[in-house]
Structures are given as structure tokens and as C-alpha cells.
Amino acid sequence: MNSDNDKSKIRVLIVDDSAFMRTALSRMVSSDRDLTVVGTATSGKEALERIASLDPDVITLDVQMPGLDGLETLRCIMAQFPRPVIMVSSVTVKDADATFSALEAGAFDYVPKQLASTSLNILHIREDLIVKIKAAAETRRCRELLRKPPRAVEPLPKATSPTSVAIVAIGISTGGPKALQEILPTLPADFTVPIVVVQHMPSGFTAPFAKRLDGLSSASIREAAQGQALQPGVIYIAPGGSQMTVDRSTHLGGMICISDKPENQLHAPSADIMMQSVAAAYGALAMGIIMTGMGSDGAQGMSAIYREGGFTVGQDQFSCAVYGMPRVCAELGILKRVVPLSRITHEILQATRYRKTSAS
């Protein structure tokens, strides 16, 4: 191991029962000068032993392992050696469900690996993996600096939507599955407007994610599909690998459009593309919410909603897993409200002028 230079690097432990995966992931991580692999483990039991001796900053953990599986190993890590864990998951329904359970149990995020016809094609995940490891390490450092209870975040001057909004558009990424699972089940069954959500996820993950959320919620939650009419009280999750937009030109209440175009977007689905269509279709009747996530997706879309006179809300820094997407919007000065995660449902209900009915 290199000595002094390694001390400033982010120390990563790779846990996977596949020798090929351990080698591939190790090479990816080591290719970045800010990261170093301090060790690998082939099982959950060995992982716990190596964490105790190596004290890594971040752990990558396979979802499916013999013996102590990824979820059980994660729970042990969170109980004994709490630190950021990134799950490495195959794109299958079984692995997707296990991944969401891992996020509930405290995993920082996940990186999907995809099976090719003859071999494991994982080079495409290198950038995603490196960015998430760095974000996880940074979040851990920030949390350690903020161990004392945070002072109350000063909200922007009190602002409410001047008119009752007709649609809510949410853009979210890293930390999103856990955040959405916290807020969407708190919405009432008789909620009065549709909600469209872009959560950065690969194809194969959004359908089981929507199904999981629907089982926890009073409101109806589904993966969006081409041509669906937007209905009050229904939450539409954009399908992974495609772009979702809304259109009101032929349907007064609005409808969902799913497309593979444009192809030059960094994200599919993209919060920018979805929100820009919402701004164009609904104007001042739109509400845009930008939540936890890396990068700047959603900034253009939130700007469009803001310019049209819509109501814009951002998640605050302390409640974000990664304060990236909301930070960019805050710096652009396009947020009318900044609130913690726990207040987002309240903001939605206020903006839609929700009134509880006697039957609910």
C-alpha cells in the first residue's frame, strides 16, 4: 500500500462472493486517484471481520451472497460499524426488492450491474460507482461535523402558491427511494391532483419500486405508461431507461407520454425533461419539488416552472442524503420555499388546498 498519499484518499472495502466482480470493482475504484481499495471480502462474515480491522470509509456490498446475504450483512454493519454502504445489485425483480429493503435498512445508495448474454458487462457502472462512493464519503464527513443537533433551518420568506396547483412534479436522485418512501405514504387517498415523479433508476427497478410504494400508501402509485390519463390522487413514477413528459393538447386533464427521445440526455428519466413539459402544459398551476440527489438534473425544469409562475420547493441541506440538485436550484434563486423532508407533504397539501373529507 502507498503510505502518505493514501491517508488523504477515501478508503473502500469491496465485498462480493464473485472473484471476477471483486477484481472488476477494485480496478474501477483504484482507477480514481481520490480512492483506494483497502481490502476485499468474499462473504458477509469476512466483511465484518475486515471492517473491524481495516476501518474503511465506504463499503460496496453485493446484494446476493451465500450464507450471510447482503441485507443481513448490511444490518450487522449498521449495528456494529455504521458507515456508508453502496449495494451492488443485479437488475432483477428479486434483486430490486432486496435493494429497496437495503435502502430502508440504512444503505447509502445502490449501483446496478447488468448481465450480458455471455459475460458480466459492468464497465458502464464505473462513473456511477465512483461518484456515489465520493458522495457517500462526503456525506459521512459532513454528518460527523454536524453531530450536534442542527439549528433550525431558516426558510425563505413565507410563500404559498397564489392559486391551487393542478399538478405536482418531483425530481429526485441519490437518497430518493428512502425519501419517497417516507413522504408518499403520508399523502391521503383522496388527494386532489396527480403527481409525476422522476427518480433516477435503471429499467427493471421502477416497476417493483412503484409496486412497493403502492403497498405502503393510501394513494395509488404506479409506474407510468404511454397514453395514461393523469388522474387526481394518482402518483406516476417515470419508467427507468425512458423519458416521461406530460401533454394537455388533446386531453384537458393531461396525459403521460413515454419516449426514448431525446437520446443525448445524461439521465433517463430526466427531471429536466419531465418538469419542462409540466411547465409548458400547466404554467402557473404547476408545483415543482426538487429533492436529494447528485448533480444538477431538475435545475432547468424547476427554472421553467418558476418562470411560468408555478410554485417551487426545495429540500433543505440537512435532510438531503446528497445536497446537489436542490443546492443548484437554491443558488439559481428559483426556489420559493426550502423545507426539510418532513415538511414536504405539508407543502404539497397546502399548495393543492387539500381539505380532508369526512369520509377520509
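**Close-up 1. D32 in the loop between α2 and β2.** D32 sits in the loop that connects α2 (19–30) to β2 (35–41). Helices (H or I, at least four residues) and strands (E, at least two) are DSSP runs, numbered from the N terminus. This is a predicted model, in which local features need pLDDT of at least 70 and side-chain atom pairs count only at pLDDT 80 or more, while totals for chains, interfaces and linings use all residues. Residues are numbered from 1 along each chain as its sequence is written, and side-chain values use heavy atoms, with hydrogens and water left out. D32 has a relative accessible area of 13%, so D32 is buried. Buried means under 20% relative accessible area, exposed over 50%, and partly exposed in between (1.4 Å probe, protein chains only). The side chains of D32 and K134 make a polar contact of 3.1 Å. Such a contact is a pair of N or O atoms within 3.5 Å; within protein, one must be able to donate a hydrogen and the other to accept it, and residues adjacent in sequence count only if both atoms are side-chain atoms. Beyond neighbours within four places in sequence, D32 is in contact (heavy atoms within 4.5 Å) with R126, I130 and K134.

**Close-up 2. The aromatic cluster of F100, Y110, F205 and F209.** The whole structure holds three aromatic pairs. Rings of Phe, Tyr and Trp (its six-membered ring) pair if their centres lie within 6.5 Å; planes under 30 degrees apart count as stacked, over 60 as edge-to-face and the rest as tilted. F100 and F209 have ring centres 5.0 Å apart and planes at 40 degrees, so this pair is tilted. F100 belongs to helix α5 and F209 to helix α8 (residues 206–216), 109 residues apart. F100 is buried at 2% relative accessibility, and F209 is buried at 1%. The ring centres of Y110 and F205 lie 5.1 Å apart with planes at 5 degrees, so this pair is stacked. Y110 is in strand β5 (residues 109–115) and F205 in the loop between β8 (195–199) and α8, so the pair ties together parts 95 residues apart in sequence. Both Y110 and F205 are buried.

**Close-up 3. Charges over tyrosine rings.** K132 lies over the face of Y110, 5.3 Å from the ring centre. R248 lies over the face of Y282, at 4.2 Å from the ring centre. A charge counts here if NZ of Lys or CZ of Arg is within 6 Å of the ring centre and within 35 degrees of the ring normal.

**Close-up 4. The nonpolar cores.** A nonpolar core is a set of buried Ala, Val, Leu, Ile, Met, Phe, Trp, Tyr and Cys residues joined through side-chain atoms within 4.5 Å. The largest has 57 residues; M87, V168, I170, I235, M287, I289 and M291 touch the most other members. Helix α5 (residues 93–104) gives the most to this core, with five residues. A second, separate core has 30 residues, including M244, I256, V278 and V338.

**Close-up 5. Strand β8 beside β7.** Five bridges join strand β7 (residues 167–172) to β8, and the two run parallel. Strands pair if DSSP finds at least two bridges between them. Q199 in β8 is the bridge partner of I172. I195, V197 and Q199 point one way from β8, V196 and V198 the other way, and all are buried.

**Close-up 6. A299 in helix α10.** A299 lies in helix α10 (residues 299–307). A299 is buried, with a relative accessible area of 8%. Setting aside residues up to four places away in sequence, A299 touches D272, V328, C329, L332 and I334.
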